[in-house]
Amino acid sequence: MPFFSMAWRNLLRSKRRTLITATSVAFGVFLAVTFTGSGDYSYTDLINTSAIMGFGHVAVEPPGYNDTPSLAKWLTHGADIRQRVAAVEGVSAAYSRITGQGLFASGAKSVGGVFFAIDPELESPAHNLFLRKIKQGELFADSNGNGIVVGAKMAEKLNLRLGKKVIYTVTDKDGEMVSGVSRVAGIYKTGDDMVDGALAILPLGRMRRVLGYGEQGATMVNVFIEDQRRATAMRHKLAKILGGGEHQVLSWKQTQADMAGLIAIDRASNYIMQVLVGLLIAAGIFNTIFMSVLERGREFGMMMALGMRSGQVVRLVMLESVLIGVLGLLLGLIITAPWYIYMYNTGIDFSGLIGDDYSAGGVLIDPVMKLRLFKESVIAILGGVFGLTLAAGIYPAWRAGRVPPVESIKVL
Amino acid sequence: MVEAPTVQLRQVSKHYTQGQVAVKAVDALDLTIAKGEFTVLCGPSGSGKTTILNLIGALDVPTSGTVLLEGRDLGSLGRAELSRLRRDRIGFVFQAYNLVPVLTAYENAEFVLALQNVPKEERHQRVMALLAEVGLAGLENRRPDELSGGQQQRVAIARAIVPNPAVILADEPTANVDSATADTLLGLMERLNHEKGITFLFSTHDQRVMDRAHRIIRLQDGRLLDDEVRE
């Protein structure tokens with residue numbers, strides 16, 4: 001039986017109705033690509049920005065450090081852990097770091113803030129936002145030297161310039177107050193005043209000595225991976241490789257729990273919106289197919305009188321539904337492709353509305369809205385739209401298969 | 001071995017209610033149609049002609065009694081078996097032609113063979129031969145809306161005949177065509193009956209059909225009024 005040909009010709013019987021329905025499917029594809037693509041891009045951007053602002057995608061920390069951070073908690077073999085982790089397949093980079101609270105002073109002025117101790121020989125701008133944002137001077141070269149890089153706002157508050165002295169005071173591993181003197185090697189500016197006014201970057205080797213951490217000490221080992229979606233899997237993998245001991249392995253979802261919560265809520269509302277749009281589109285398809293079935297009741301009855309089984313009638317109507325779905329998907333791809341390419345490459349710049357330094361929870365947010373679709377999202381969109389189209393056809397198809405032939409013949 | 005009659009109705013009744021009124025569309029009817037008959041059911045509206053065709057065509061079920069087609073009790077068959085029976089052993093010709101509007105004349109005639117999964121090449125040979133036989137050579141690719149009423153009814157006849165059914169049930173087949181076309185169609189069906197031995201059972205008011213019939217069964221109120229066999 002030429003079902004395909006029959007189904008296609010049946011759709012062409014009411015070209016306008018078929019086109020309107022296919023267009024609504026196409027519009028659904030457009031919306032799904034926009035919503036999902038925007039989410040895929042912005043969540044990834046947020047997570048990656050958070051990672052390069054000092055959190056990493058995965059972090060190895062002393063037990064309890066994430067809940068109550070303290071310089072009294074540190075990894076005694078941080079450097080060893082870093083080396084082992086860096087060699088794991090799938091890890092792009094790993095860095096030992098120390099971070100904690102401190103007081104920074106120059107002359108008569110002082111500000112409270114956070115220090116971030118890094119090894120200048122290992123660190124890369126690819127995994128450290130502050131290195132990319134140095135506007136004056138440069139990163140200190142010696143891990144044991146006395147250089148410091150401060151934020152532009154902190155420099156303004158303390159009236160600092162390159163080469164000026166900064167006295168920092170922190171508590172060491174035993175809780176004793178200790179101080180050190182550095183000279184400003186560089187000034188960075190992220191654009192977020194909260195960050196720029198509070199965070200200073202110090203050399204890792206020197207801070208190990210100041211804090212009494214020994215040669216390998218660190219408060220964390222930050223791990224970077226190519227695809228942030230694999231953070232949880234990498235967390236489990238590293239935990240298994242490192243085994244038990246004086247450390248715990250956490251993904252960004254735990255170290256950045258607030259951000260993870262925001263993303264989860266945003267993602268859920270995005271899904272709900274898409275489901276609602278999908279249901280509206282499915283209702284449109286349902287209406288088209290159902291109307292078509294009601295109009296052709298006699299025809300179905302006659303075909304069944306001639307020996308067509310009700311299952312074959314159901315198959316015919318389902319095929320019509322599938323064809324509308326395929327037509328809608330193709331139309332959707334045609335109208336969405338130029339939009340996606342533009343949004344992938346250029347995007348829409350909202351910096352005029354929200355500024356360049358828009359941040360959420362201290363994490364800078366890209367003011368340019370772009371679209372990126374993960375392979376899984378593409379499959380989900382195509383599958384979702386196709387599934388909804390099929391679902392919309394089930395009841396009309398069932399109804400078509402239940403038309404009693406005799407009822408149809410009576411009215412002839 | 002004695003061959004079973006093509007159609008046999010034993011004490012068949014079909015009752016239904018129309019609003020508050022109980023209607024006896026067919027009332028305890030006994031009827032036998034032998035192979036190769038060219039028979040007409042006639043009678044006034046409401047006499048039960050179409051109901052009888054529906055019962056024989058396995059489109060409806062009797063309230064009581066037994067309908068047998070080639071000796072098979074239709075009441076004992078399931079939905080799928082009834083579908084198969086209609087497909088393989090019964091041909092329908094309707095008053096309004098009832099062609100599938102999106103299919104061409106060829107595809108309409110091919111419809112039942114396709115349902116039977118007859119190989120494409122064989123389908124092609126049989127359909128083309130039959131379309132030529134009913135006078136539609138050259139019109140194979142036309143859709144129903146591109147054919148006249150008479151041509152559409154020829155396609156319907158071809159569709160009914162092509163699977164070699166046991167019986168063709170024709171409900172007012174000449175009602176929607178002009179006299180000349182009706183004569184041509186009847187001549188065609190008569191020839192097919194004569195040459196191929198196909199059993200035809202008509203429901204009609206049309207005197208022209210009755211004039212050609214070998215047997216005329218007159219009905220009234222669902223009961224047999226008269227059964228006239230002609231030489």
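Predicted model: local features only at pLDDT ≥ 70, side-chain atom pairs only at ≥ 80, totals over all residues.
Residues are numbered from 1 along each chain as its sequence is written, chains are lettered from A and ligands numbered from 1 in the order in which they are written, and side-chain values use heavy atoms, with hydrogens and water left out.

Now, the answer. Domain 1 (2-49 + 260-410) and domain 2 (63-246) of chain A both give residues to the lining, so the largest pocket lies between them. The domain bounds come from an automatic or database domain assignment.

What do we mean by a pocket? On a 1 Å grid over the protein atoms alone, a pocket is an open set of points with protein on both sides within 12 Å along at least five of seven lines; a cavity is a set where a 1.4 Å probe fits but cannot get out; and lining residues have an atom within 4 Å of a point. Points are joined across faces, edges and corners, and a volume is the space filled by probe spheres set on them.

The largest pocket holds about 1,100 Å³ of space. It has 36 lining residues, and A:Phe55, A:Pro69, A:Thr99, A:Val114 and A:Leu199 are the closest to its centre. Among the elements of chain A giving two or more residues to this lining are α2 (15-55) and α10 (257-295). Helices here are DSSP runs (H or I, at least four residues), as are strands (E, at least two), numbered from the N terminus.

Let's follow those two helices. The axes of α2(A) and α10(A) come within 10 Å and cross at roughly 170°. Axes are lines fitted to C-alpha atoms, for helices over the stretch in contact, with angles from 0 to 180 degrees between N-to-C directions. The pair α2(A) and α10(A) is therefore roughly antiparallel, a label for angles over 145 degrees, with roughly parallel for those under 35.

α10(A) has another partner: its axis comes within 8 Å of that of α14 (residues 375-401) of chain A, crossing at roughly 25°. That makes α10(A) roughly parallel to α14(A).

Finally, the cavities: there are two of 30 Å³ or more.

Methods: Parallel < 35°, antiparallel > 145°, perpendicular 65-115°, else oblique.
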